[in-house]
Structure formats: C-alpha cells, structure tokens
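Hi everyone, and thanks for coming. Please open the sequence and the model side by side, and we'll walk through a few spots together.

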Amino acid sequence: MVYPTLSLADRIAMVTGASSGIGEATARRLAQEGCRKLILLARRADRLEALKAELEREHDGLACLVVTCDVAAELERVANLPSELPAEFAEIDILINNAGLALGRSSADQNTLADIHTILTTNVTAALALASAVLRGMRARGRGHLVNVGSIAGHHTYAGGSVYIASKHAITAFTSAARHDLAGTPLRVTAVSPGAVETEFSLVRFGGDADKAKAVYKDFVCLRADDIADQIVYAITRPAHVQIADIVCLATNQSGPMDIARVGPSLGAPDSL
Ligand SMILES: NC(=O)c1ccc[n+]([C@@H]2O[C@H](COP(=O)([O-])OP(=O)(O)OC[C@H]3O[C@@H](n4cnc5c(N)ncnc54)[C@H](OP(=O)(O)O)[C@@H]3O)[C@@H](O)[C@H]2O)c1
C-alpha cells in the first residue's frame, strides 16, 4: 500500500535566506504548494518585502511575515526567535534552515579570523540555535519538519574551502544527531546537500567579482535554485512515516565538489530537456 503524500495546505513555514537563491525559490514553491503562512528571513528587507508582496498577490489567503535579521550579528535574537513572532505565525511546522555563505578560496594556512568567525557564526552557530529554538516548539506540539540546507561540501572536502567545508560538515553532523534525539517523536529532520547551484553564492564568495562568479558555472549545465526547492518539497511532502535523511544532489556533469566536466551545454538548457 502506498500512503498518501502530506499536504502543505495551511502549514506555517519559515525560510531563512529567503532574499535570494535557494531560499527564495523554496519560498515560492511553498506558496505554490499551499502553505498559508510564510516567514521570510534575511538581511535585505527590500527583497523580502518585494517577495512578500508578490507571493501574497499571487496566492489567495497567503500571509507572509518579513523578519529582517542578520543571523550572525543577532545570535540572542535568533535563539529566541519564535517568541518574537506574532501568535498566528509562531507555531512553525516547517523550518528551512538555509541562510549561509562561503567567503573566498583561501588555503587552510591563510584563513583570516574574521572570515572564520563570519562563516561559522552564520552557517553553524545561528543555524543550530534557530533549529533548537524551533524544534522545542515542534516537539511540544507533536509535529514539525526541520530541513537543513547543507552541501556536497558537508560530505567531501576540496582545496581552498576549509572553513566552509568545516561548517557544512557540522550541518551534516547536527542533522544526523538531531535525528537521533527526535527518533521517538513524530518530528522529521532532513538535510539537503547540493552541488553547484547557480545563485548569488559565488558572487558573495568572491566578494562581488562577477567574472569569477560566472566562471564557476561556465561550460556545464549546473543546478538551479528551483531544483533544490523541488527536493525540499519532495522531502517535506513524503508520508508521515517516511523521513528523508539527506538528499545529496549534483548536476549531471559534476562528480564531486570541484569535479566538473565542462563539456558545454551538451544537455541543453534545463527547461528544454
Ligand atoms: N549555490 C551553491 O552552489 C550551493 C551549494 C551547496 C550548498 N549551498 C547552500 O545553500 C544555502 C543558500 O545559498 P544560495 O546558493 O541560495 O546563495 P545566495 O543566493 O547567496 O543566498 C544566501 C542567502 O543567505 C542569506 N544570508 C547570508 N548571510 C546571512 C546573515 N548573516 N543573516 C541572514 N541571512 C543571511 C542571504 O540573505 P541576505 O544577504 O539578504 O542576508 C541570502 O538570502 C547556503 O547555506 C549555501 O551554503 C549553496
């Protein structure tokens, strides 16, 4: 017997890093899938307000709440975030813990304290603090799904990414450990661990250098933010007894974090396949 997939109708979801890339695409998909309340968190308020306006216009009955927050600079706030939410948004069913970044491609002997601090605080400390705060409420209510956006860099290593790699290995480990802690509850914990996805990620990594960022995605058909949103929706809509542990996904022409066959657009544009 195949059990029915879960409906997202009337669910309350929070997406961190919703101003761009994977988070923005996921917010759009969650709205399409019927979530009725979306909490959109990032630093760039203008982008979040534009997304809120678009989604509320396109989806009858949807209400979005913009939370402008620098998760690295406001850790106390992050650790108590559910308590600052209006009552109608406070009972989060789905947390997409996605905000994150890499900075540069320095060797392990050249990392700066500032970059180490920013990457680990954003990708690890804030993500774990938010997860813990939201899971507490989920456990009390007896329902909920935590999705941590990890990376192929949380499973494999490469030269020139030691701090980012360490941060994403921490996310893989936390996700697995949280699953142990919550195994006796109805709560589910999932990691989604992509390879190269064309977003603003590389622009941020290379300090705004558009040419360097573009080169990352050159001459192969890379993943799109919508592909990852699709995987997140797959995980959270499985029947209640099914817990997707980790979705590790690469582009067809990628075989490891830095192993990319730059064979050109031989697969055609994604939307023409
Ligand atoms: N793109 C890839 O190839 C790839 C591969 C594997 C994993 N990932 C992971 O996917 C996640 C999303 O990245 P993306 O590719 O969508 O990159 P992106 O387009 O640069 O989006 C990153 C998001 O994180 C938010 N963010 C960064 N620092 C923040 C802070 N201090 N406080 C609050 N929000 C913050 C950004 O919002 P603001 O700037 O507005 O704050 C933005 O919305 C990250 O965890 C990344 O590590 C990406």
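Let's start with a term: a salt bridge is a side-chain nitrogen of Lys or Arg within 4 Å of a carboxyl oxygen of Asp or Glu. Before we use it, a word on what you are looking at. This is a predicted model, where local features need pLDDT of at least 70 and side-chain atom pairs count only at pLDDT 80 or more, while totals for chains, interfaces and linings use all residues. Residues are numbered from 1 along each chain as its sequence is written, and side-chain values use heavy atoms, with hydrogens and water left out.

Now, how many salt bridges does the rule give? The count comes to 12. Some of them join up: E24, R28 and E54 are linked in a network of salt bridges.

Buried means under 20% relative accessible area, exposed means over 50%, and partly exposed is in between (1.4 Å probe, protein chains only). With 28% relative accessibility, R28 counts as partly exposed.

Next, please find R29. R29 forms a salt bridge with D230, and the closest N and O atoms are 2.9 Å apart. This pair links distant parts of the chain, since R29 is in helix α1 and D230 in helix α10, 201 residues apart. R29 counts as buried at 18% relative accessibility, whereas D230, at 41%, counts as partly exposed.

One more salt bridge: the side chains of E84 and R77 meet at 2.8 Å, N to O. E84 is partly exposed with a relative accessible area of 38%, and R77 is partly exposed too, with 25%.

Now for an arginine without such a partner. Where is R238? Look in the loop between α10 (225–236) and β9 (246–249). R238 is buried yet has no salt bridge, and the nearest side chain of opposite charge, E33, is 8.4 Å away. For charge, Lys and Arg count as positive and Asp and Glu as negative, while His and the chain ends are not counted.

What does the side chain of R238 make a polar contact with? The partner is the side chain of T237, at 3.2 Å. A polar contact is a pair of N or O atoms within 3.5 Å; within protein, one must be able to donate a hydrogen and the other to accept it, and residues adjacent in sequence count only if both atoms are side-chain atoms.

R238 also lies over the face of Y234, at 3.9 Å from the ring centre. A charge sits over a ring if NZ of Lys or CZ of Arg is within 6 Å of the ring centre and within 35 degrees of the ring normal. Leaving aside neighbours within four places in sequence, R238 is in contact (heavy atoms within 4.5 Å) with T5, L6, R188 and I244.

On to the rings. A search of the whole structure finds 1 aromatic pair. Rings of Phe, Tyr and Trp (its six-membered ring) pair if their centres lie within 6.5 Å; planes under 30 degrees apart count as stacked, over 60 as edge-to-face and the rest as tilted. Here, Y164 and F201 form a tilted pair, 5.4 Å centre to centre with 55° between the planes. Y164 lies in helix α7 (residues 162–181) and F201 in helix α8 (residues 201–205), so the pair ties together parts that are 37 residues apart in sequence. Y164 counts as buried at 8% relative accessibility, while F201, at 26%, counts as partly exposed.

I119 is buried, with a relative accessible area of 2%. Not counting residues up to four places away in sequence, I119 touches L101, L103, V124, V163, Y164 and S167.

D219 is in the loop between α9 (210–216) and β8 (223–224) and, at 39% relative accessibility, counts as partly exposed.

How values were computed: Helices (H or I, at least four residues) and strands (E, at least two) are DSSP runs, numbered from the N terminus.
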